Amino acid sequence: MEIIKTAGLTKEYPSGLFQKGPRALDQLDLAVSAGEVFGFLGPNGAGKTTTIKILVGLMRQTSGTAQLFGQDGNNTEARSKIGFLAESSHFYEYLTASEILGFYGNLFSLSKSLIKERTITLLKQVGLESSGHLQLRKFSKGMLQRIGIAQALINDPELVILDEPMSGLDPIGRKEMRELILSLKTEGKTIFFSSHIMHDVEMICDRVGILAQGKLLAVGKIDEITQGKETLEESFIRIVQGEQVI
Amino acid sequence: MKWRAVAINTFREARRDKIFYNLLIFALILIGGSMLLATLTLGEQSKIIMDFGLASINFFGILIAIFLGVSLVSKEIQKRTLYTVLSKPIGRTEFLLGKYAGLLLTLLINTAIMTIGLYLTLMLNQFSWGLPVTDVEPHLLNAVFMIYLELCLITAVALLFSTFTTTTLSAIFTLSIYVIGHISSDLVALGEKLPAKSTAFLLKAIYYILPNLSNFDIKGQVVHKVAIEPIYFLLTGTYAVVYITLLIATATFIFNKRDF
């Protein structure tokens, strides 16, 4: 079953009041199946964040379709099954870790008892069980990234979308994030994440897609991309610089 | 009822904001301090306190409505907190209504605290002159009600600007509308005396398009015990509701069209 499906997805940012600007996304066709860990790769400005924003309903495409669970990303029902962590996301710093999970839980209409139960479980899962009463303004960047993951899982989502989850994390933080993504995979969740860090992607992804200048240049299993002869990073550079389509 | 979660969160944000407390405490000091000012007059002490107190409730209410109102949405965009919220299963209209309701709740509590402060000051004044403390003006609440209606309208103006421009520009625009809204009827009178008909037409257009905020100012009548017909409250209330509905509908339309 395809959890994410885009067809001819195109996004043009307006450059003037009535003028169309450059294409951030150009006829993107992408499909991610249930239970996959899918790495979405691309250089800066490739269109990764734009794709993710369209999928979660923060942005509207110029043309084409973007579906989650067979429904448009603007559909609130589709969004009830996903967890999302934005790139360098910020949270209400006046709230405590427990309060912020409670707030997001309420947006999913979860019961009070379930929110309480999930809050305890998630704070433990991300290693913040002793910081639940602390306001987020007192959190370090690593702690904020962890609470970001916790909020993305408050509704026990079927699909987790992470935009640059490893960005700004130290090696230990990245290792923990990898382990967390793999543990989510063993729970049967589908994970779609964007990243620059090839080493991490190589270790945890079932399939990857390489995007440059809004076009999907390659998609497939890592072995298929590397052709068994080079590292993923070497393949990535070769594909992006040569714009070779696989 | 997801808007309720947003409203409670907005209220909680205001409650944990030091500026809110500073303004509230300053307002209460001013209301209490009006007793000193009242000693300068003879026999009109309670009127001075009422006048000063209602003006303080109005002024500080407007300050809070503008300062918190203009950042309702723009701060969420600037600080990127909006990304996470809107990725959840909540519609944009519901989110916007929740933000508005949260600030109205904040303003209601703020106005209630200042009104209690005003009544306590009046009772203390009565006590200091050996008069019965319960003999205070109940009609003050009419003026407070109208002030609150005005705050609801100004918050809706601030919310509208907040959906498409920066916090600073929203504050400037909202403040301008507040000032023009209070002098628009004077502008029409001025226009009628000017030779250029186009100027008169322009001023009349401003009068009809912008909110006529002087309708909500009944402080003078209340302090001087001038009777106000109940129909006036009904008409002004209806005017406020219709105007607010139009503002919120426009804000929703713009907010729903935006990319983040």
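Before I show the first pair of helices, a word on angles: axes here are lines fitted to C-alpha atoms, for helices over the stretch in contact, and the angle between two of them runs from 0 to 180 degrees between N-to-C directions. Please also keep in mind throughout that what we are looking at is a predicted model.

With that in hand, let me start in chain B, where helix α7, residues 140-162, packs with helix α11, residues 230-257, at an angle of about 15°, the two axes being 9 Å apart. Angles under 35 degrees count as roughly parallel, and α7(B) is therefore roughly parallel to α11(B). The crossing of these two helices is left-handed. On the α7(B) side the contact includes B:M146, B:L149, B:C152 and B:L153, and on the α11(B) side it includes B:T236, B:G237, B:A240 and B:Y243. Sorted by class, the residues of this contact are 14 nonpolar and 3 polar, with no charged residue among them.

The second pair in chain B is arranged in another way. Here the axes of helix α2, residues 18-38, and helix α3, residues 45-69, come within 8 Å and cross at roughly 165°. Since angles over 145 degrees count as roughly antiparallel, α2(B) is roughly antiparallel to α3(B). The crossing in which α2(B) passes α3(B) is right-handed. Among the residues that make the contact are B:F20, B:L23 and B:L30 of α2(B), together with B:F52, B:G53 and B:F60 of α3(B). By class, this contact has 16 nonpolar and 4 polar residues, and again no charged ones.

Let me now turn to chain A.

In chain A, 6 strands form an open sheet with mixed pairing, in the order β6-β7-β8-β3-β9-β10. Its edge strands are β6 (82-85) and β10 (215-221), each of which pairs on one side only, and neighbouring strands are turned by 15° against each other on average, if direction is ignored.

Helix α1(A), residues 48-55, lies across β3, β7, β8 and β9, running at about 145° to β7(A). Helix α6(A), for its part, lies across β3, β7 and β8, and runs at about 155° to β8(A).

Finally, how do the two chains meet, and how many residues of each are in contact? On the chain A side there are 23 residues, and on the chain B side 18. Within chain A, α2 (76-79) and α3 (97-107) each supply at least two residues of the side that touches chain B, with the largest share, 4 residues, coming from α3(A). By class, this side of chain A has 12 nonpolar, 8 polar and 3 charged residues.

Notes. Residues numbered from 1 in each chain as written. Chains lettered and ligands numbered in written order. Predicted model: local features only at pLDDT ≥ 70, side-chain atom pairs only at ≥ 80, totals over all residues. Contact = placed C-beta atoms within 7 Å. Nonpolar A, V, L, I, M, F, W, Y, C, P; charged D, E, K, R; others polar. Parallel < 35°, antiparallel > 145°, perpendicular 65-115°, else oblique. Left-handed = near helix turned anticlockwise from the far one by under 90°. Pairing = 2+ DSSP bridges.
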